[in-house]
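Here is a short briefing to read alongside the model. Keep the viewer open and follow the topics in turn.

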Amino acid sequence: QYYFPTSPFRMWVSGNYSHMSSNNSHFYGSATGTLSVEDWFDVNFFVAPTPALRIGIEYANFNNQYVDGQHAINHRGQLSGFFIF
């Protein structure tokens with residue numbers, strides 16, 4: 001998370017990363033429906049033009065690998081608005 005120090009509004013960016021893997025998931029379920037590895041990350045940008053209003057945009061990426069080696073990649077975007085009172 002990083003807050004921009006010199007801006008007319010309060011602005012900041014943040015990011016997250018996660019990795020999950022399993023060495024024994026091939027013992028459970030079908031090879032086409034059982035996860036073996038997942039990588040996930042997101043990037044967020046927020047601006048607060050007034051003390052009572054906050055606007056944010058996010059990009060997230062999910063990269064799933066199944067036991068049979070196939071990858072399923074999901075891209076997600078989100079726009080949010082918050083009224084703080």
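Two strands pair if DSSP finds at least two bridges between them, and strands themselves are DSSP runs of E with at least two residues, while helices are runs of H or I with at least four, all numbered from the N terminus. With that rule, S3 and strand S4 (residues 53–66) pair in the antiparallel sense over 13 bridges. Please note that this is a predicted model, in which local features need pLDDT of at least 70 and side-chain atom pairs count only at pLDDT 80 or more, whereas totals for chains, interfaces and linings use all residues. Residues are numbered from 1 along each chain as its sequence is written, and side-chain values use heavy atoms, with hydrogens and water left out.

**Overall form**

- The chain contains five strands and zero helices, so its elements read β-β-β-β-β from the N terminus on.
- The radius of gyration, taken over C-alpha atoms, is 18 Å for the chain, but a compact globule of 85 residues would come near 12 Å by the rule of 2.2 Å times the number of residues to the power 0.38.
- Along the principal axes, the C-alpha atoms fill a box of roughly 55 × 20 × 20 Å.
- Of the 85 residues, 20% count as buried, a label for under 20% relative accessible area, with exposed meaning over 50% and partly exposed in between (1.4 Å probe, protein chains only).
- Among contacts (heavy atoms within 4.5 Å) with a separation of 6 or more, 44% come from residues 24 or more positions apart.

**Strand pairing**

- Strand S2 (residues 10–21) pairs with strand S3 (residues 35–50) in the antiparallel sense over 12 bridges.
- S3 and S4 also form a hairpin, with two residues between them.
- Val37 has Gln65 in S4 as its bridge partner.
- In a regular strand, side chains alternate between the two faces of the sheet.

- Ala60 lies in strand S4 and counts as buried, at 0% relative accessibility.
- Leaving aside neighbours within four places in sequence, Ala60 is in contact with Trp40, Phe41, Asp42, Asn74, His75 and Arg76.
- The C-alpha atoms of Ala60 and Phe45 are separated by 12 Å, and the two residues are 15 apart along the chain.
- Asn64 is also found in strand S4, and it is buried with a relative accessible area of 15%.
- Beyond its neighbours within four places in sequence, Asn64 is in contact with residues including Leu35, Val37 and Glu38, as well as Gln70, His71 and Ala72.

**Aromatic pairs**

- Rings of Phe, Tyr and Trp (its six-membered ring) pair if their centres lie within 6.5 Å; planes under 30 degrees apart count as stacked, over 60 as edge-to-face and the rest as tilted.
- By this rule there are five aromatic pairs.
- One of them is the stacked pair of Trp12 and Phe46, at 5.4 Å centre to centre and 15 degrees between the planes.
- Because Trp12 lies in strand S2 and Phe46 in strand S3, this pair ties together parts that are 34 residues apart in sequence.
- Trp12 also stands opposite Phe46 in S3, and Trp12 is buried, with a relative accessible area of 8%.
- Tyr3, Trp12 and Phe46 form one aromatic cluster.
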